[in-house]
Structure formats: structure tokens, C-alpha cells
Amino acid sequence: MAVETSDSFEALEAQAAVIMAVFNEAAYERVAPSIIQPADIFLDAVGERLRARTYVFTDQDDEMLCLRPDITVPTARIYLQRHPEADVAARYCYNGSVFRYQPGGGSPAHPREFRQAGIELYAQIDEAKADAEVLLRTLEAVQTAGLKAPKLRIGDLGLFDALLDAVDIPERWRQRLLAQFWRPDAFRAELKRLSTVPGSAVEGLPADLIAKLDPKQPAKAEAIVQDYLDSHGIEAIGTRAVGEIAARLLAISLDAHSAPLPKAIADLIESYLAIEAPVRAAGARIKDLFQRNDIDIGEALDAFERRLSLLTKGGANIAQATFDAEFGRQFEYYTGFVFEICSDELGPASPIAGGGRYDELLRVIGAPRPIPAVGAAIYTDRLLLAASGATS
Amino acid sequence: MSEPLIVAVPSKGRLMEQTAEVFARAGMVLKKVGSDRGYRGIIEGIDGAEVIFVSASEIVEQLKAGRAHIGVTGEDLAREHVADMEKRFQVMRKLGFGHADVVVAAPAAWLDVRVMSDLEAVGRDFRRLHGRHVRVATKYMNITRRHFQANGVTSYRIVESLGATEGTPAAGTAELIVDITTTGTTLKANGLKVLDDGVLLRSEATLFSSRAAPWTPDTRAALAEIARHIASL
């Protein structure tokens, strides 16, 4: 296990003071969330894959706890504690350690304990403005701390949502594609299935039962399924009701009666996701692609353009930034704008900072409804290396 | 005298008897020696090897820590308790007994669920309707998580279950289970079915060697001798 020398400790503390001063100056209030967090909240928000990278443990009272794997969720909990209705705009900043499981106890490149400094902006109604503000403050912080040439990469999951909303596709398929978006392989497989054999899930299911289910008469489905279970001597055990089973069988049966998704729509989705280019060129390509396909996502595209102009106005060198339509797909809680700041020193595999919009997270951890939220985290150990001119 | 090769062998039950049988068939007779209540032994005909008799789960820990050079235990235990097993253990030989399949089982009444990918769709609907995740009862938390992830299933929560796991769906404390099954009749009696692609692991008693153990020319020589006998099976 890496032992921090007093030199790097002092240097990290000094750097953190510089970063926090930038955030405080921009009216971000410093908060200090607990290192030990209830594991349940993370498991609900992130899912079981959290366990793959988090130190989860139980205490003497059998309470399941974890060492925080990020500071975004703990900070959001502070916000909800102070504002249970989540009806007040707020700006918080933090600096501290996070903990991630690494096979074999970790290495200098992948330590199991490292630091993050960051900001979170909640319930700000003007979203493009909030997005731009968080990126601008993060850029200011890393540059003030000595990063010479930040390389910016952005994405926008809102554009993808808008695209799926605008194309002619059954709602249940739209939901399925949205849910699979985070797993590119599964997404591609689903898209292929929908555009070739949408009813393939019916294979292997009891044909006599499926034949009896009429998508036009959903009210009768539950009784038909119950009859089937009774006549086959299958007991309906557990908490999932027969009605839920019948509803899904109906949806599968409906798929089997549906025409495949037009190839043009599948191609359009694939073409959009393949866009990766300098920001301005990417914007033009997106506009062109959608115009050619007669797709109107005016509002989302306006928001995209407005965010860029706010960033330019705020002094960010947007001409040099890259847009990547796929960017953000690996982080399930992002819902809109996403960004990453890299350095020449450490390269694209070790971002110095990253962030984005996550409007669903607060609802998952207890807010009464989805709350606009956007934030960013700086990997301060990396920033220190890059700013001091070290190369990877 | 140089340090011996430490061979960890299950200390009780069928697992111990069958290990002794297989070793004997390979021309290696396990013999308990000494006064410390029969927890130590030798292999007749193999010089420089010492046997320790410990529980199957303790054998995994001994191999992990390198206190045993080689050992016989269930593959299910090794895969569950060693995060990167392939890197830390080497499979010398699957021994052909102690068979147990680790399977995913759901209520037989879930007529719409046939394969793993159905679970993701069910999990999403369930969460929307019930306000919580589908629960999977198991003692194999790590194996479950890895397998579900590999199959793109993310909408679920694990509840740890150390006994009578197959009864949890009917009792309402979980929706599905991951458990070992040898015949499948217990599952059926509890109203459950194994998914078509729901066999996570076909486990059996396995002879492992540990990469963490202190390997010397002497222990390597003893290992080679044992490997030669095992190869004759």
C-alpha cells in the first residue's frame, strides 16, 4: 500500500487550498461529508456493481456501511438533509479522500485511496447556464492550480434522449433502448433485435399460452395466466404478482405481432452515436444528420448551442474541445451534459477532472422528484502530477 | 532440514474420505500422525510433504495466504472468496467428486422468464412497480455479482443468505436465488426453476496450487512428485 510522504501531503494540501479558494470565490460553500456512508443508498443509486469497487462492511450492529467511493452522493445527502423539498438552489464544494477496491491492494497508478476536490450545483433552473458555470469553475480551478493546457472532451446525453423522443418508435421500445444505453454491447444487440426480429423473446415460451393472450384485451390476461398456472400445477409464490407476469407476457406477445423497427431509424441512431469530432464540426454534423432525416430536436440542439456560447463567453477555449456522442455512456447516473478535462502530461486514459449533469440521482436518494443537478470532481493527485510537469 | 510442501486436505465428512480415496488411487496414502488430535499427517511415499487437515473454506484462506502450497477444496469456494482466482491459484486437477452446480433459480410461475436477459427487464419493471429492487438471496455474493454483470443484469439487490436459501422466495424475503444444487428436487419443491442459461458454475472438488506459497527447489520437487502421481489417475 502506498504511503503518502509528508512532501506530497503538504503539496496536496497547498493545492487543495488554491482550488477551494477558487470555488469559495464563486460562492460555493464548503461541506465535509462523512467518509463512512450507509451502503444502502449507494447500492440503490449505483446498483450491485458498486460492490465490485467499494469497501462495503457491516458494523457490530449489523448495519451495512461503506467507505465513500465518490463524494457526489454524500454531498447530495447533505443538500437533502438541509432542504428536504429540494426547492432551493445551492452550491457546495468539497475536498477529501475516496476509496475504491483495487485487485491486489492497488498500485501507484490505481491507488485504493485517492483524493477528489469538487463542486455540485443543485436546483438551478437555467440548465445550460448551470452546465457552463460548473465547467468554467472547474477549468479555472485546475488552471489556477497550474495545469497548462487542459484538453476538453464533452458529450450530451440530452441529445440522445431528444433523438429517441423525436423518432417514430413504440414507447416500450424507447424505454428499453434508454435503459440499455449504458451498456453499448447490449444496446447494439437490442437495436439489432428490434430492427430484425422484435418478437424473438417469444421463443421458448409456452406457445399455447401466448396464443391465448390478445394484446387488444389486456384486462383478460391475468386470468388466462392464472388458469395456465393452475392447470399446470404451478404455485404462484413470492412477491411478484401474476398480473405483473401477465403484463410482461402481453408485451412480448405484442412484440411478436409488431413490424420491425425501420432500418432507417436504427441507422440514424447508430450514425448519431458514431459522431466524434471537434465541437463546432460535430454540431454541424448533428444538425445535418437530423435535417436529412426530417428529425426535429430543436430544443435540445438549442440548449447544446447555448451552452457552447456561454462557455465561449466565459473564456473556455471551445474551438479545441472534442465532442463525442458516446461519451458518458459508462456512467449510468449522468442525464445530460458531460465533460472531462485531460492533460498532455498524463494522457487521455487519466483524466484530471470530470463531471456532468445528473438530474435523477437526488430522486433516487430521497428527493420528492427529479432535481436539476450538475457537478464536477477533480482528481487532485493527478492534477498535482500534471501541474508539476510529470509525464505518465 | 528444509521446509516441507504443505498439502491442505479437508478435515471431515465425505470431502475428506473422497480426497483420501482419490489420493490412494494415485498411489498416495494419506496418514494422520502426531499427537495434535489428528490435524497433521504425511503422504506415504512422498518425501518432503506435510499434510494439514482443515475445513474446506479454511483451505481457501491457507492457499490465499500462501501457508499451504497446494490444497483440495470446492471450486465454488475458491471462486467466491478469491477475487482474482486465476491469477492467484492454479488448477492442478479437477478431482471428479463433490459435484455441485451453482445456479440462478426463479419462481416457476415466472412464465415470462427463461434466460438471464429476461431478469434485467423484469428487474426494471419490478423497481417501477414496487419501489425497490428485485432481491437475490445467496451466499455467493461475488460469483452472483460477476455473473449478473457479465449478462448485463443490473437492476437487482443481493441479500446474503447463509441457510435455507431456496425457501426465501416463498417466504417473501427474496424474489430469486443463487444457490448450489445437486439434483434440482429441492428447488422444485420450493416452486423454483433454473433459468436456461442459469448455471453459473459447475463446481467440483479441485486440487489447487497457490502462487503465494514460498516455492523452493525442495517444495517444487515434492510438487512434481505429487503431480506425477495425480497424472496417473
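Guide: Let us start with helix 13 of chain A. Its buried residues are A:Ala300, A:Ala303, A:Phe304, A:Arg307, A:Leu308, A:Leu310 and A:Leu311. Look down the axis of helix 13 of chain A: these buried residues fall within an arc of 165°, so they line one face of the helix. The other side has exposed residues: A:Gly298, A:Glu299, A:Asp302, A:Ser309 and A:Lys313. Keep in mind that this is a predicted model.

What covers the buried residues of helix 13? The cover includes helix 4, strand 7 (151–156), helix 5 (157–166), helix 12 (279–292) and strand 10 (337–342) of chain A.

Now check the length of the helix. Helix 13 of chain A covers residues 298–313, which is 16 residues. At 1.5 Å a residue, helix 13 should span 22 Å, and its end C-alpha atoms are 22 Å apart, so the two values agree. After helix 13 of chain A comes A:Gly315, with a positive phi near 100°.

Step back to the whole chain. Chain A has 15 helices and 12 strands. Its C-alpha atoms fill a box of roughly 75 × 60 × 40 Å along the principal axes. Of the 392 residues in chain A, 37% are buried. Take the contacts in chain A with a separation of 6 or more: 72% of them join residues 24 or more positions apart.

Next, the domains. Chain A is divided into domain 1 (6–150 + 343–387), domain 2 (155–183 + 261–334) and domain 3 (200–256). The centres of domain 1 and domain 2 of chain A are 26 Å apart, taken over C-alpha atoms. Their contact takes 14 residues from domain 1 of chain A and 10 residues from domain 2 of chain A. On the domain 1 side, helix 4 and strand 11 (353–357) of chain A each supply at least two residues. Helix 4 of chain A gives the largest share of that side, eight residues. By class, the side of domain 1 of chain A that touches domain 2 has eight nonpolar, one polar and five charged residues.

The largest nonpolar core has 86 residues. Which members touch the most others? They are A:Ile119, A:Val142, A:Leu159, A:Ile352, A:Ala353, A:Ile378 and A:Leu383. Helix 4 of chain A (residues 127–144) gives the largest share of this core, seven residues. Domain 1 and domain 2 of chain A both give residues to this core, so it lies between them.

Pick out A:Leu383. Set aside its neighbours within four places in sequence. A:Leu383 is then in contact with A:Gln15, A:Val142, A:Ala145, A:Leu147, A:Ile352 and A:Ile378. A second, separate core has 39 residues, and A:Tyr228, B:Val136, B:Ile158 and B:Val178 are among them.

Follow A:Tyr228 to a partner, A:Leu209. A:Leu209 is found in helix 8 (residues 207–212) of chain A. The C-alpha atoms of A:Leu209 and A:Tyr228 are separated by 7.1 Å, although the two are 19 residues apart along the chain. Not counting residues up to four places away in sequence, A:Leu209 touches A:Tyr228 and B:Leu111. Is A:Leu209 buried or partly exposed? A:Leu209 has 19 C-beta neighbours inside 10 Å, so it counts as partly exposed. A buried residue needs 20 or more.

The contact between the chains takes 28 residues from chain A and 27 residues from chain B. On the chain A side, helix 9 (221–231) and helix 10 (242–256) are the elements that give two or more residues. Helix 10 of chain A gives the largest share, five residues. By class, this side of chain A has 16 nonpolar, four polar and eight charged residues.

Finish with chain B. It is divided into domain 1 (5–98 + 204–231) and domain 2 (100–203). Taken over C-alpha atoms, their centres are 32 Å apart. Seven residues of domain 1 of chain B are in contact with eight residues of domain 2 of chain B. Helix 3 (residues 75–81) of chain B gives the most to the domain 1 side, with four residues. By class, that side has no nonpolar, two polar and five charged residues.

Technical notes. Residues are numbered from 1 along each chain as its sequence is written. Chains are lettered from A and ligands numbered from 1 in the order in which they are written. This is a predicted model: local features need pLDDT of at least 70, side-chain atom pairs count only at pLDDT 80 or more; totals for chains, interfaces and linings use all residues. Two residues are in contact if their C-beta atoms, placed from the backbone, lie within 7 Å. Ala, Val, Leu, Ile, Met, Phe, Trp, Tyr, Cys and Pro count as nonpolar, Asp, Glu, Lys and Arg as charged, and the others, Gly among them, as polar. A nonpolar core is a set of buried Ala, Val, Leu, Ile, Met, Phe, Trp, Tyr and Cys residues joined through C-beta atoms within 7 Å. A residue is buried if 20 or more other C-beta atoms lie within 10 Å of its own, exposed if 12 or fewer, and partly exposed in between; C-beta atoms are placed from the backbone. Domain bounds come from an automatic or database domain assignment. The expected span of a helix is 1.5 Å times one less than its number of residues. The arc is that of the directions from the helix axis to the C-beta atoms.
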